[in-house]
Every structure is written in C-alpha cells, then in structure tokens.
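Colleague: I have this one open on my screen. Can you take me through it?

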Protein chains: 2
Amino acid sequence: MPALDPIGHVTSPLTDRHAAPKQGSEGSPEAWIELRPEFRDAARDLRVGSAILVLTWLDRAARDVQLVHPRDKEHAELRGVFSTRSPDRPNPIGIHRVTILEVDDGLRFKVRDLEAIDGTPIVDIKPVLDRDRER
Amino acid sequence: MPALDPIGHVTSPLTDRHAAPKQGSEGSPEAWIELRPEFRDAARDLRVGSAILVLTWLDRAARDVQLVHPRDKEHAELRGVFSTRSPDRPNPIGIHRVTILEVDDGLRFKVRDLEAIDGTPIVDIKPVLDRDRER
C-alpha cells in the first residue's frame, strides 16, 4: 500500500471536528498552512492571491464507513460515500480550495476558507486551473 | 505515515505516461474505473451523467522532484511543483474531473476525459459540488 509522507500540517482555531463547518465557505476562520522546511523549493512559487487546492489527510475520519446520512438530514436515506463529501471514507483525503492571504518565510501560508481542524496533516498543494471552474 | 488502500484501478488504452495527454480535456480516450467488490456500497449512488472527481495514486511518478519545467516549455524557468499539476511531486495524488458514461454491475464505470494510464490505482471518488465551479 502506498504511504503518504505529509508535507506539513494545518494550524487553525478549529479543534473540534463536529464544530467545524462542513465546507470552507460556510464561515471558517483564517488558518495557516505550515510546511516542513525540506519542501521549500516545491513551495517557492506560491504567492499571495493564489487560488490553490490543499489536499489533507483527514486523520480523525473513520475508514470503514461506506454509507452515510446526508449532512443535516439524519432521517434521510443512507448514501454511498463516493457520492458524498463525508470525511468518513476508505481513503480520507480532503480537498480544500483556498486563497493565500499572506506568506511568511516561504513556508507558512495564511489562508481563508479552510475547514480542516488544527493539526490535520497536509499531503499536497496544487494550483487551481481554469478548467476546474469551467467543467 | 498514513497508508492508502486503493479502491480500484483505471483500465485505459493509454499505456505510456509520455504519450498521455497532460489534462483530461485534451483528447483522452474513454476509460474504465474498476472498483474492488468490497466497495460496492460506497459506490451505489454513482449514476450515468454524474460529474465526479477521481483521485488516483500516480504510481509511476518521481516523488523526489520539487522543481519542474512548465509543460511544453523546456527552456522556461523551473517552477515549484506545488504551483504545477506535474505528476512528479512528494505525494503524487492525481485529481481527475470526469463524467460517468456507463455503469456496469455497480462496480465498473466508463468515463471520458480521464488522462490516467492503464493500471493506475484509484484511491477515492467524490462528487463535484457547485462550489467547485463557483470559486
């Protein structure tokens, strides 16, 4: 099984999974992406204003869940997790679209709309492409 | 280090990384997502016409690369991989936005615009949300 090597972690005032907003645009506080020093080169072209996808490993998720109730609808029918954004899923990788607000020393990035909780491992950062919006 | 447990793999006529289109909309042939039988429940609400994000593990990528030349610009300046979609990166997770064309037995899904090469492990499937387009 392929092993992920976290490139850093999230620092956020959000500490409780159940208090966290379900999606970033629903009122997440500002948070910091903190990268490990050995990834300085990989991060060197990230700029204030850049729209990025942050991929996280949702380490507090349940990996043995295949069916969930849709959010805020406890009495609705169960739904296959591949048709939901539930963190509980076989490989709990989170995708967060955020904007960089501030860069500190090339390794710390303040962002808005990041719903991940404090300490969540980060595994990748990718630029948002136009095609992500168009299709 | 967290370990990924592939949920399935890609079956595609694309077999050569260097012959594959760089992004799915650039002429990928139709391909199949083939899931392992134990994930039948998680996949049960995937339908023809659904727009999904397929997350893959790009197992032929180089994980020790932090700087790359932008695509098709060998003489351009090197760029940090977190500002590119290069498959070569510390954790080579691919994100592919595709549309389901056909469902076979609840475990096989024919899709278009999937640029991954034959045999690529699949680690997650998520629905495309409106917010992915808007932001």
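**Strands, barrel and copies**

Modeller: Strand 3 of chain A pairs with strand 8 of chain A in the antiparallel sense over 5 bridges. Strands here are DSSP runs of E of at least two residues, helices are runs of H or I of at least four, and both are numbered from the N terminus. Two strands count as paired if DSSP finds at least two bridges between them.

Colleague: Before going on, what kind of model is this, and how are things counted?

Modeller: It is a predicted model, in which local features need pLDDT of at least 70 and side-chain atom pairs count only at pLDDT 80 or more, while totals for chains, interfaces and linings use all residues. Residues are numbered from 1 along each chain as its sequence is written, chains are lettered from A and ligands numbered from 1 in the order in which they are written, and side-chain values use heavy atoms, with hydrogens and water left out.

Colleague: And what are the scores?

Modeller: The model has ipTM 0.90 and pTM 0.91. For chain A the average pLDDT is 90, and 87% of the residues score at least 70. pLDDT is the predictor's confidence in each residue, from 0 to 100.

Colleague: Is strand 3 mostly covered or uncovered?

Modeller: Mostly covered: 6 of the 7 residues in strand 3 of chain A are buried. Buried means under 20% relative accessible area, exposed means over 50%, and partly exposed is in between, with a 1.4 Å probe and protein chains only. Across the 135 residues of chain A, 52% count as buried.

Colleague: What does the rest of chain A look like?

Modeller: Chain A has 1 helix and 8 strands, and from the N terminus on the order is β-β-β-β-β-β-β-β-α. In chain A, 6 strands close into a barrel in the order 1-2-7-6-3-8, with antiparallel pairing. The twist from one strand to the next averages 45 degrees; axes are lines fitted to C-alpha atoms, for helices over the stretch in contact, and angles run from 0 to 180 degrees between N-to-C directions.

Colleague: Where does strand 2 of chain A pair, and over how many bridges?

Modeller: Strand 2 (residues 31-35) of chain A pairs with strand 7 of chain A, antiparallel, over 4 bridges. Ala31(A) stands opposite Val111(A) there. In chain B, the bridge partner of Glu34(B) in strand 7 is Arg108(B).

Colleague: How do the two chains superpose?

Modeller: Chain A can be laid on chain B with an RMSD of 0.0 Å, by a turn of 180 degrees and a shift of 0.0 Å along the axis. The two copies are thus related as by a two-fold rotation axis. The superposition is by least squares on the C-alpha atoms of residues with pLDDT of at least 70 in both. 100% of the interface residues of chain A are also interface residues in chain B, so the copies meet through the same surface.

Colleague: New topic: Thr120(A). Where is it, and is it buried or exposed?

Modeller: Thr120(A) sits in the loop between strand 7 (108-112) and strand 8 (121-127) of chain A. Thr120(A) is buried, with a relative accessible area of 2%.

Colleague: What does Thr120(A) touch?

Modeller: Leaving aside neighbours within four places in sequence, the contacts of Thr120(A) include Gly8(A), His9(A), Trp57(A) and Leu58(A). Contact means heavy atoms within 4.5 Å. A polar atom of the Thr120(A) side chain also lies 2.6 Å from the backbone oxygen of Ile117(A).

Colleague: And Leu58(A)?

Modeller: Leu58(A) is in the loop between strand 3 (51-57) and strand 4 (67-68) of chain A, and is buried with a relative accessible area of 19%. Beyond neighbours within four places in sequence, Leu58(A) has contacts that include Pro87(A), Pro92(A) and Thr120(A).

Notes. Polar contact = N/O pair within 3.5 Å; in protein donor to acceptor, adjacent residues only side chain to side chain.
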